[in-house]
Amino acid sequence: MNYEIIEALGRIAREKNVDREVVLETLEAGLVSAARKKFGSGAMVEVKIDDEEGNLELALVKNVVEEVTDPVTEIMLDEAQDINKKATVGEQVKIELALEDFGRGAIQAAKQVVVQRVREAEREKVHEDYSEKVGTVVSGLVQQIDHGNILVNLGRTEAILPAREKIPREQLHQGNTIRALVLDVQKVSKGPQVILSRAHPDFVKHLFDVEVPEISEGVVEISEIAREPGGRTKVAVCSSDPRVDPVGACVGMKGCRVQAVVRELNGERIDVVTYSTEPTSFVSRALSPARVVHLEANDEERSMVVVVPDDQLSLAIGKGGQNARLAAKLTGWRIDLLSEGEYSKRQEVSGEALVDVENLPGVGPKLAEKLISEGLETVEDILRVGEDALLAIPGVGEKTADKMMAAAEAVREALAEQAEEEAEAVADEEAEDGEEDEVDGRDPDGEKESDADDEAAELEMEPGDAGSDDDEAEDGGEEEEAEDGEDEEPKPDARGA
């Protein structure tokens, strides 16, 4: 009987993944509780469990006295000598007990204690194990969907994937097997609560760790990652081995590795770029697929003006500003995106930087020398430091400072108006050219001539007027269009006529 109890406890320990010693201690506590329920709350009960032999010994311990005042803990001398002939007053005797002596109620109480303690031990073990797994990826089965929250069966316990940690627009169904990041393990009244996430950036990092052997081996490292779940993720990687291309390792042959990650993320787009400690290079790569033509960095403010071609500004910004936002998050720099046209206009408006203080009205040679010695070489410098800084220069009074500030402001306004007028003139000129093209594009019969024929004619007259390589490429394309256009013309006799 006792051996069967020990074996049952061993099975419980294996099934619940609880230490065997914890289960034995739980049984001991349950038997003590049952004995006290039978003999009294103050009863002294001794339990010995021999795990190796499978023996279980129970005994009720009482003090030997001449006159009993507490029958629960004391026993008369003559009764004690019936149990142990050598018993004397002041000693203790042990009265052996059998489980059958406890009664049904006591056994149920012992069972309840054992079940409760084993459940608590199991919860504690689950909490301990999954606390060590925080930040790692686990697999589970979708068990239930409740108001957007997903209940996932992990085998030993159940986890929850909150709606906020799901990938937007992802459809999960009961019975689906999913992978998710262990975000947190919380203690609640029902036991440990494992919180999962599929929207965390580290989830993407661990997916690459699984798919790319070079990352798990430590040759390639993911340096930075920026993510907007369900939309786009940018990953910056570097390699400790110059012979290994970090981007190529992550993408894989024909994109097989990155595509496996994309499928797990429900089609989320992923950009993999090479990490660089040089901010300008890193920002330029982070803005891919857009091409950067010019950068201006401000190290103090950690901001950068980035210039892209006019036709790639929307590509650099991305849908809803997503590409630029992720690039800023990935690099840690504030990015100000401009097209080449906008950058040119900004340079024209800020043309006061090209006006030296010597050319500022009211500034003589001596005053100009003082300003330059203080580091104020241009009109922009004067406007930047303000009137207080001018007053701190020896020999510059309040009236002189006011005049210089007014003159500098006048120069700025004049240059801004000039730039605006030039921009309007260019716009008007382009509009007029467009109207002329519409008029010139029709023949006397009212039919529109082919642009390809016009361009082909120009090329025939001036075949050597190609400018840059880009122009040659464009001219090549125009020649092909012209030839196609000529092939589509009627018969040569009709054209000659």
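A: Happy to. This is a predicted model, so local features need pLDDT of at least 70 and side-chain atom pairs count only at pLDDT 80 or more, while totals for chains, interfaces and linings use all residues. Residues are numbered from 1 along each chain as its sequence is written, and side-chain values use heavy atoms, with hydrogens and water left out.

For context, the protein has 19 helices and 15 strands, both taken as DSSP runs numbered from the N terminus (helices are H or I, at least four residues; strands are E, at least two). Of its 497 residues, 35% are buried, meaning under 20% relative accessible area, with exposed over 50% and partly exposed in between (1.4 Å probe, protein chains only).

Now to α11 itself. Seven of its 10 residues are buried, so the helix is largely enclosed by the rest of the structure. They are Gln322, Asn323, Ala324, Leu326, Ala327, Leu330 and Thr331.

The three strands make an open sheet in the order β10-β11-β12, with mixed pairing, where two strands pair if DSSP finds at least two bridges between them. β10 (220–228) and β12 (269–274) are the edge strands with a single partner each, so one side of each has no neighbour in the sheet. From one strand to the next, the twist averages 20 degrees. Eight bridges link β10 to β11 (residues 232–239) in the antiparallel sense, and Glu228 sits opposite Arg232 in β11.

α9 (residues 279–286) packs on it, touching β10, β11 and β12, and its direction makes about 155 degrees with that of β12; contact means heavy atoms within 4.5 Å.

How do the two helices meet? Two packed helices are described by the angle between their axes and the distance between the axes. For α9 and α11, the angle is about 145 degrees and the axes are 9 Å apart. On the α9 side, Phe282, Val283 and Ala286 meet Ala327, Leu330 and Thr331 of α11. By type, the residues of this contact are five nonpolar, one polar and no charged; Ala, Val, Leu, Ile, Met, Phe, Trp, Tyr, Cys and Pro count as nonpolar, Asp, Glu, Lys and Arg as charged, and the others, Gly among them, as polar.

Just after α11, Gly332 takes a positive phi of about 80 degrees. β14 (residues 303–308) and β15 run parallel, joined by six bridges, and Val308 has Ser339 in β15 as its bridge partner.

Conventions:
Axes fitted to C-alpha atoms, helices over the stretch in contact; angles between N-to-C directions.
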